[in-house]
Amino acid sequence: MLLFNMKNFNNKSRFLKMKKICLYMLVSFLIACVKNERRDVITVDVNRRDNISIFDIFDKVEIIPLETTSESLVKDITKIVVFNDNMYILDYPMHRILIFDKKGKYVSKIDNKGNGPGEYINISDFAVKDSGLLLLSPVNRSIYEYDTNARFRNSLHLPNVTGAYQSFKILNNDTLIFWTSDNKNKVKIVTLNSNKILYECFPEEDIFFNKFLLHSVFPYNNYLTRSSSNTVYSFSNTGRIETGYIWNFGGENNDIKKIQKEMDFKTQKEMINFSKKVFSSEVVNYIFVLHGGNLLYNYTQIYRKNKPVNIFYNKISKTTMVFEKTTEGVIIFPIYWTDEYAAGLIPESENSLNSALPDAILDEQNKTIKQHINEFDNPILIKYYFKK
């Protein structure tokens with residue numbers, strides 16, 4: 001249930017009046033969610049495996065090598081945003097943003113870690129808008145603004161919250177939606193002009209099973225996801241949150257009681273061993289690691305019995321495709337979605353370029369690109385162009 005805070009009431013009568021209004025809004029909201037759940041439940045047999053060629057979904061596959069120089073070295077690709085033909089990449093371990101053009105040629109970077117003017121302590125997330133980039137530094141609770149050419153503009157110290165700011169999305173020119181570690185209200189809606197929290201919602205306990213999402217809690221468009229939950233939430237441009245759609249795996253749905261059970265690990269080794277049991281389905285039936293989608297598809301990748309299972313739901317034909325690998329032997333790992341293509345990485349589980357990108361799925365130009373890739377190069381991006 002999503003609860004909205006009620007603040008700054010001057011007297012009891014006004015409080016009671018507003019309480020009735022809020023109760024009415026909450027009931028209306030819950031009714032809307034129930035309707036939404038009935039309409040947007042995606043039922044999937046997660047034990048089924050379909051024979052899916054990569055060309056059943058995509059027209060072509062393109063390899064984009066990221067230029068490797070002393071200035072452009074990438075340790076890890078945590079997030080990708082494409083804007084005006086440039087690719088903006090968050091390298092979270094190195095706390096920097098690297099900019100490449102659409103062919104992978106290095107353009108510039110934001111690498112200003114420090115305590116001086118225009119410098120940040122760390123970066124946990126970023127977003128791109130017409131006027132520039134916004135970087136979130138949770139350690140000192142600040143937003144840093146740069147232009148799209150990586151030049152610093154200004155910074156803003158965010159309002160105090162319990163815990164820390166973790167990730168965010170741009171709602172409009174003046175408003176951001178944040179995911180935080182405040183268990184009473186994980187979501188904060190902040191206006192930049194007045195630098196105030198407009199409202200907050202989404203209470204959630206600190207559940208260990210929510211630590212398995214491999215990328216942002218805001219995976220694509222206006223959606224919010226949790227690795228323990230079959231529900232994918234949507235939010236409007238004003239920050240209103242409701243159920244977007246639900247993955248229903250029938251008799252294989254996870255036991256909610258197991259998900260909500262508190263974990264008490266005395267050592268890191270205990271936590272790692274338990275995580276292995278989660279991925280192998282010894283504790284729960286599956287765990288969500290990726291979400292995505294566009295006008296045609298809703299997508300998720302779950303881990304079940306130590307295997308990544310891809311689920312594509314076609315919103316037009318109302319059909320699903322469920323597979324671990326394509327018939328060509330390809331494991332896909334898409335982390336950035338548009339209506340034209342999905343961009344992904346080679347999964348860490350793949351130790352061979354040939355198994356991740358077999359020649360059978362590449363045209364002659366991309367075969368040549370593949371032949372010139374070596375282990376000392378930057379990571380490569382893979383663009384999968386959807387069938388039209």
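Visitor: What makes strand 18 (residues 287-293) largely enclosed by the rest of the structure?

Guide: This is a predicted model. A residue is called buried under 20% relative accessible area. Seven of the seven residues of strand 18 are buried, so the strand is largely enclosed by the rest of the structure.

Visitor: How do you know that strand 18 and strand 19 (residues 297-304) pair?

Guide: Pairing requires at least two bridges. Strand 18 and strand 19 have six, in the antiparallel sense, so they count as paired. Phe 288 has Ile 302 in strand 19 as its bridge partner. A hairpin of three residues connects strand 18 to strand 19.

Visitor: Why are strand 3 (79-83) and strand 6 (106-110) said to stand at the edges?

Guide: They belong to an open sheet of four strands, with antiparallel pairing and the order 3-4-5-6. Strand 3 and strand 6 each have a single partner strand, so one side of each is left without a neighbour in the sheet. From one strand to the next, the twist averages 20 degrees.

Visitor: What makes strand 4 (residues 86-91) and strand 5 (residues 96-101) a pair?

Guide: The cut-off is at least two bridges. These strands share six, in the antiparallel sense, and therefore qualify. Met 87 has Phe 100 in strand 5 as its bridge partner.

Visitor: How do you know that strand 2 and strand 24 (residues 380-386) pair?

Guide: Seven antiparallel bridges link them, and at least two are needed. Ile 64 stands opposite Leu 381 in strand 24.

Terms used:
Residues numbered from 1 in each chain as written. Predicted model: local features only at pLDDT ≥ 70, side-chain atom pairs only at ≥ 80, totals over all residues. Heavy atoms only, no water. Helix = DSSP H or I, 4+ residues; strand = E, 2+ residues; numbered from the N terminus. Axes fitted to C-alpha atoms, helices over the stretch in contact; angles between N-to-C directions. Buried < 20%, exposed > 50% of the residue type's maximum accessible area, 1.4 Å probe, protein only.
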